[in-house]
Amino acid sequence: RPAAALSWSPPETDEPRGSETPRVLITGGSAASRASSVRWVLKHYGVDNVILSDIKKPTPEVCNSGPFVYADVLDYKNMKELVVNNRITWLIHYSAMLSAVGEVNVPLARKINITGLHNVLDLALENCLRLFVPSTIGAFGPSSPRDPTPDLCVQRPRTIYGVSKVHGELMGEYLHHKYGLDFRCLRYPGIVSADTQPRGGTTDYAVQIFHAALATGHFECYLRPDTRLPMMHISDCHRATLEFMQAPDWQLSLRTYNIAAVSFTPEEVAEEIRKHLPHLRVTYNPDLARQTIADNWPMRFDDSNARRDWGWRPTYSLPDMVVDVLGVLREQRA
Ligand code: AKB
């Protein structure tokens, strides 16, 4: 790791940021759902201007949607080569280990979520990039107000995932205020889409239930039926990210915003799915680890600052989400 990366000084380039067509690098981009829809959202910048990257082999769908490169966020030199060789101006940093799986391998979660983030922060500073890092409902903990949870309040998460996300929020904001890093961060709710693969999150059930409903008509839920969590359809999530990335600096009174759409319990989403698949049977077998995580997370997000500052509005209600996800899954099964 070059010493220069550790002691930052202003970049030699005085390239304007944000006026020209961005060249976007997305880390952690091999997941089909995220990758193809991110690319879809960004397609008006030109397919070749959005490069997905990961250490995992991408699905054929991802490969066919545009450029994909190998990038390891723990390898600073590799990341720097990619940024320089591809004249990257925006970096969207999705690489992370999620909440439940992070607890199973804390050293690895710390490495990916904290060391990887430090590399990305240094890269963004040195190369004058606009940097997006997602945070999460998991950045809050038992001493945070839960209903609703505002942008600014006590944050004492009890998972390595949450701790690394608060660290990311604070590091990014610090570097913004001290050196002018164009750091932007949205706290995502649980994301629901037809294509999401389970990635070791606490909110995964909200995707798995759709697959089980169509495949067997039975779903065993690892959370209690009344566990309320904020959720969002993936299209709203990508649109929010793009609108936030495009927002001019002067509109942003914060650098880290909550974004909200809907908030539901396993019982409520099952009820909504039953309107289309009346035979769905759900049994509940709470898993202590994931139930404890969920019990310490927000039940509803207050996103009034995002709405006021840069005009954020979700479009998918719970019924819309259910119709869309079931429709896509039925098409895939046909
Ligand atoms: C998880 O469940 O860990 C993630 C999240 C809410 O950040 N989906």
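**Entry: ground rules.** I worked on a predicted model, in which local features need pLDDT of at least 70, side-chain atom pairs count only at pLDDT 80 or more, and totals for chains, interfaces and linings use all residues. Residues are numbered from 1 along each chain as its sequence is written.

**Entry: ligand.** I looked up which residues are around the ligand. They are L98, S99, T136, I137, G138, Y161, G190, G201, T202 and T203; a residue is near a molecule if its C-beta atom, placed from the backbone, lies within 6 Å of it. I then sorted this shell by class and got three nonpolar, seven polar and no charged residues. Ala, Val, Leu, Ile, Met, Phe, Trp, Tyr, Cys and Pro count as nonpolar, Asp, Glu, Lys and Arg as charged, and the others, Gly among them, as polar.

**Entry: helix 3.** I took helix 3 as residues 76-85. Helices (H or I, at least four residues) and strands (E, at least two) are DSSP runs, numbered from the N terminus. Which residues of helix 3 are buried? I noted M79, L82 and V83. They lie on the same side of helix 3 because they cover an arc of only 95 degrees around the axis, the arc being that of the directions from the helix axis to the C-beta atoms. An α-helix has 3.6 residues a turn, so residues three or four places apart point the same way. On the other side of helix 3, I found K77, V84 and N85 exposed. A residue is buried if 20 or more other C-beta atoms lie within 10 Å of its own, exposed if 12 or fewer, and partly exposed in between, with C-beta atoms placed from the backbone.

I also looked up what the buried residues of helix 3 pack against: strand 1 (24-27), strand 2 (50-54), strand 3 (68-70) and helix 5 (106-126). Contact here means C-beta atoms, placed from the backbone, within 7 Å.

**Entry: positive phi.** R87 follows helix 3 and lies in the loop between helix 3 and strand 4 (90-93). R87 is not a glycine, yet its phi is positive, about 50 degrees. I list R87 as exposed because it has 10 C-beta neighbours inside 10 Å. C128, in the loop between helix 5 and strand 5 (130-132), also has a positive phi, near 60 degrees. With 18 C-beta neighbours inside 10 Å, C128 counts as partly exposed.

**Entry: cis peptide.** I found the peptide bond from D147 to P148 to be cis, with omega near 0 degrees. P148 is in the loop between strand 6 (135-136) and helix 6 (160-179).

**Entry: strand 10.** Why is strand 10 (residues 229-233) largely enclosed by the rest of the structure? Five of its five residues are buried. L229, M231 and H233 point one way, and P230 and M232 the other. Strand 8 (residues 190-192) runs parallel to strand 10, joined by three bridges; strands pair if DSSP finds at least two bridges between them. V192 has H233 as its bridge partner. Strand 12 pairs with strand 10 in the antiparallel sense, over three bridges, with P230 opposite S263.

**Entry: F264.** F264 is in strand 12 (residues 262-264). I count F264 as buried because 21 other C-beta atoms lie within 10 Å. Leaving out residues up to four places away in sequence, F264 touches R228, M231, V269 and L318. F264 and R228 are 36 residues apart in sequence but 5.2 Å apart in space, C-alpha to C-alpha.

Definitions and conventions
Two residues are in contact if their C-beta atoms, placed from the backbone, lie within 7 Å.
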